[in-house]
Amino acid sequence: MPRSSMHGAHRATTRTSTQTTQPIEQGPSPLSQPIPTAPAAGPLPLPDPTLPHLSAPLALRRTIADTELTVHPLALGTSVFGWTADNATSHRILDRHRDLAGNFLDTADSYTSGRSEVIIGSWLRSRRTRDSTVIATKIGKNLDNPGLSSRSIIGAVHASLDRLGTDYIDLLHFHFDDPTVPLEESLGAVDVLMRGGLVRYLAASNFSAERLMEARVLAANGLPRFVALQTQYSLLHRTAFESSLGVVTRAQGMGVLPYFALAHGFLAGRYRSKADLEKTTRSSRGAKYLNRNGLRVLSVLDRIGEEHEAAPAAIAIAWLLARGPVVAPVAGASRPEHVDALVAAAGIRLTRGDMVDLDRVSA
């Protein structure tokens, strides 16, 4: 199948980052301006959900440190594509995300056995949006190319490229650590792919602080370095990151891309009683937060959301965006209208009092 040229993507995502920040106008080649730790004041105006293709007036961007990738502060997770969202629904979700200035997609070769990548690839071709889209995909869990051996990595990347219908991956994640393979071997395989132009940057997902430090030592000797870490982090899951992982990512200058940012939909206010629970995998995961502590957090999100005229999901993501090395939380949507609240988070500036209240109730 035809693949797009790398040159357009480099034009669309490459600029020199600066210390000053401001919103930029949406367009085919947005300027690279990292936004401040606390996003810009006020919620972004949201389009009428009955109109499928409205452009957002402002496009916020953050730069992943030490890269030429400038991304919207919300990465659209696509794990439901080909699962609870069919092709047509997935395309409408992607359209909505694009129309609200989103440009960062997160997928994996194991999501619905690669079907998520196939759907994204068909959307990129039909909308001709490859050059303006930053694609992050994860490898290591697909049964055809399991683990992080050199052979599996190279096979997995080529298979992902075929499914996505592109010549390169912007940000390649190791989905999980593979202790059965020397990290030097895994990084060496990516080095070959980078030199061939098939992968632009490397990131880790679900790695321990110790392995991140080992990887940095190897990178100092010439192997590719992890520029970002994808890890579970939210108002209801803080301790694991804020201890050792937080220290290591700051020390190494790594961008952080939190997943399960909405705690399986609980922080979106989806589950407020047992009657709200559905017989699905996601609701069973979100159900574990349906307790006194979880409801207290949700109550504070509701109150702050009313003050900012924003949904609880937007406030939960805005809290993440105001914290340390977080570049872009990863959150998915099962329907196009769900995207609005996610993207709106990038335009909300929480007050000091908001942050104190959220920190206290979630500690």
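Is S208 buried, partly exposed or exposed? S208 is partly exposed, at 30% relative accessibility. Here buried means under 20% relative accessible area, exposed means over 50%, and partly exposed lies in between, with a 1.4 Å probe and protein chains only. S208 sits in the loop between β7 and α6 (209-220). In sequence, S208 and L245 are 37 residues apart; in space they are 7.1 Å apart, C-alpha to C-alpha.

**Basis**

This is a predicted model, in which local features need pLDDT of at least 70 and side-chain atom pairs count only at pLDDT 80 or more, while totals for chains, interfaces and linings use all residues. Residues are numbered from 1 along each chain as its sequence is written, and side-chain values use heavy atoms, with hydrogens and water left out.

**Overall make-up**

The protein chain has 12 helices and 10 strands. Helices (H or I, at least four residues) and strands (E, at least two) are DSSP runs, numbered from the N terminus. Of the 363 residues in the protein chain, 56% are buried. Contact means heavy atoms within 4.5 Å. Among contacts with a separation of 6 or more, 77% come from residues 24 or more positions apart.

**The sheet**

An open sheet of 8 strands runs in the order β9-β8-β7-β6-β5-β4-β3-β10, with parallel pairing. β9 (255-259) and β10 (330-332) are at the edges with a single partner strand each, so one side of each has no neighbour in the sheet. Neighbouring strands are turned by 30° against each other on average, direction ignored. Two strands pair if DSSP finds at least two bridges between them. Strands of a sheet pair through backbone hydrogen bonds, either parallel or antiparallel.

β8 and β9 run parallel and are joined by 5 bridges. T231 has P258 in β9 as its bridge partner. Helix α5 (residues 183-195) packs on the sheet and touches β6 (169-174), β7 (199-205) and β8; its direction makes about 155° with that of β7. Axes are lines fitted to C-alpha atoms, for helices over the stretch in contact, and angles run from 0 to 180 degrees between N-to-C directions.

A136 belongs to strand β5 (residues 134-139). With 0% relative accessibility, A136 is buried. Beyond its neighbours within four places in sequence, A136 is in contact with F104, L105, D106, T107, L171 and H173. A136 and I169 are 33 residues apart in sequence and 6.8 Å apart in space, C-alpha to C-alpha.

**Nonpolar cores**

A nonpolar core is a set of buried Ala, Val, Leu, Ile, Met, Phe, Trp, Tyr and Cys residues joined through side-chain atoms within 4.5 Å. The largest has 83 residues, and F174, F226 and L267 have the most contacts inside it. Helix α10 gives the largest share of this core, 9 residues. Not counting residues up to four places away in sequence, F226 touches F174, L187, L202, A203, A204, F207, L212, A215 and M254. A second, separate core has 17 residues, including F104, V134, A203 and L257.

**Aromatic pairs**

Rings of Phe, Tyr and Trp (its six-membered ring) pair if their centres lie within 6.5 Å; planes under 30 degrees apart count as stacked, over 60 as edge-to-face and the rest as tilted. The count comes to 7 aromatic pairs.

Y259 is buried at a relative accessible area of 16%, whereas F260 is partly exposed at 32%.

F174, F207 and F226 form one aromatic cluster. R130 lies over the face of Y168, at 4.0 Å from the ring centre. For such a charge, NZ of Lys or CZ of Arg must be within 6 Å of the ring centre and within 35 degrees of the ring normal.

**Helix α9**

L295 is in helix α9 (residues 292-308). At 34% relative accessibility, L295 is partly exposed. Leaving aside neighbours within four places in sequence, L295 is in contact with F266, R272, Y289 and L290.
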